[in-house]
Amino acid sequence: MKRKYIIAGNWKMFKTRSEAIYFLLQVQDKLPSSELVDSVVCAQAPLLRDLVKRQGDNLKIGAQNVHFADSGAYTGEVSAVLLAELGVSYVVIGHSERRAMFNETDESVNKKIKQSLAYSLKPIVCVGESLEIREAGNTNEFVSNQVEKAIEGLSKEEVKDLVFAYEPIWAIGTGKTATPAMAEDTCKVIREKIGSLYDEETKEAVRIQYGGSVKPDNIDDLLSMEDIDGALIGGASLNPDNFLYMVNAALRH
Ligand code: PGA
């Protein structure tokens, strides 16, 4: 089964409004058709409205976090209702920076996925191990467990629509990319886990990105792997030419 590639920039807490709009103007007419590849940028919440207004036909906009409640006394949080109203398409859930610095847990990730799906936002669910876990030889078990907890209680149809991002923590922002073979091994573990929890059809349908120091130099090797259906890209996605190069890489595979 041929899955559509998804190349997503995770801008983190970078870009002012004018920088974000400039980026869009640079890439807008040059992005390949969204029938061929899904191109996404995930930006800080206050930028989302401006970006959605200018996204054009071939780019989709994502948020970097969402709260699991409809509304309430949650100062500083962002609701799925509002993201959906703004026209946001994707939401990154459980990024390791949020797990490490903002108390994101497997339980909150699960609730946020359910909340996002209820408002037709597509979750990009991040999982990945620390260097300590990898060196102890526990990567497969740890990542499988994160996946299982993230999707607890979800139907097969819901899981088929998810995007997972396998992001080894030791490779994020460090310049150390997992080798394509290492990335492929863990992405395959994720796919097998989904197959064991659901069925063959779900396993084949779900899309799995690799993330962690992806850049123009290494994206082709990563995308050539069978179980890697795209990339979640931090630092290298901030530059419009790099982003375009990496989106176009998907067309070569
Ligand atoms: P990086 O970040 O590409 O800068 O390593 C990836 C991520 O955190 O999603």
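A: What follows describes the surroundings of the ligand and then turns to salt bridges. The model is a predicted one, and the description should be read with that in mind. Around the ligand there are 13 residues, and the closest of them are K12, H95, E167, G173 and S213. Sorted by class, this shell is made up of 4 nonpolar, 7 polar and 2 charged residues.

Some of these residues can be followed down to single atoms. H95 takes part through its side chain, a polar atom of which lies 2.7 Å from an oxygen atom of the ligand. The space that the ligand takes up is the second largest pocket.

Salt bridges are the other topic here. Side chains of opposite charge can pair when their charged atoms come close. The structure holds 23 salt bridges, and one of them joins the side chains of D50 and R54, with N and O 3.3 Å apart. In this pair D50 counts as buried because its relative accessible area is 13%, which is under the 20% limit for that label, whereas R54, at 26% relative accessibility, counts as partly exposed. Another salt bridge links K160 with E157, whose closest N and O atoms are 3.5 Å apart.

How values were computed. Residues numbered from 1 in each chain as written. Predicted model: local features only at pLDDT ≥ 70, side-chain atom pairs only at ≥ 80, totals over all residues. Heavy atoms only, no water. Near = heavy atom within 4 Å. Polar contact = N/O pair within 3.5 Å; in protein donor to acceptor, adjacent residues only side chain to side chain. 1 Å grid on protein atoms, 1.4 Å probe; cavity = no way out; pocket = protein on both sides within 12 Å on 5 of 7 lines; lining within 4 Å. Sits in = over half its atoms within 2 Å of the grid points. Nonpolar A, V, L, I, M, F, W, Y, C, P; charged D, E, K, R; others polar. Salt bridge = Lys/Arg side-chain N within 4 Å of Asp/Glu carboxyl O. Buried < 20%, exposed > 50% of the residue type's maximum accessible area, 1.4 Å probe, protein only.
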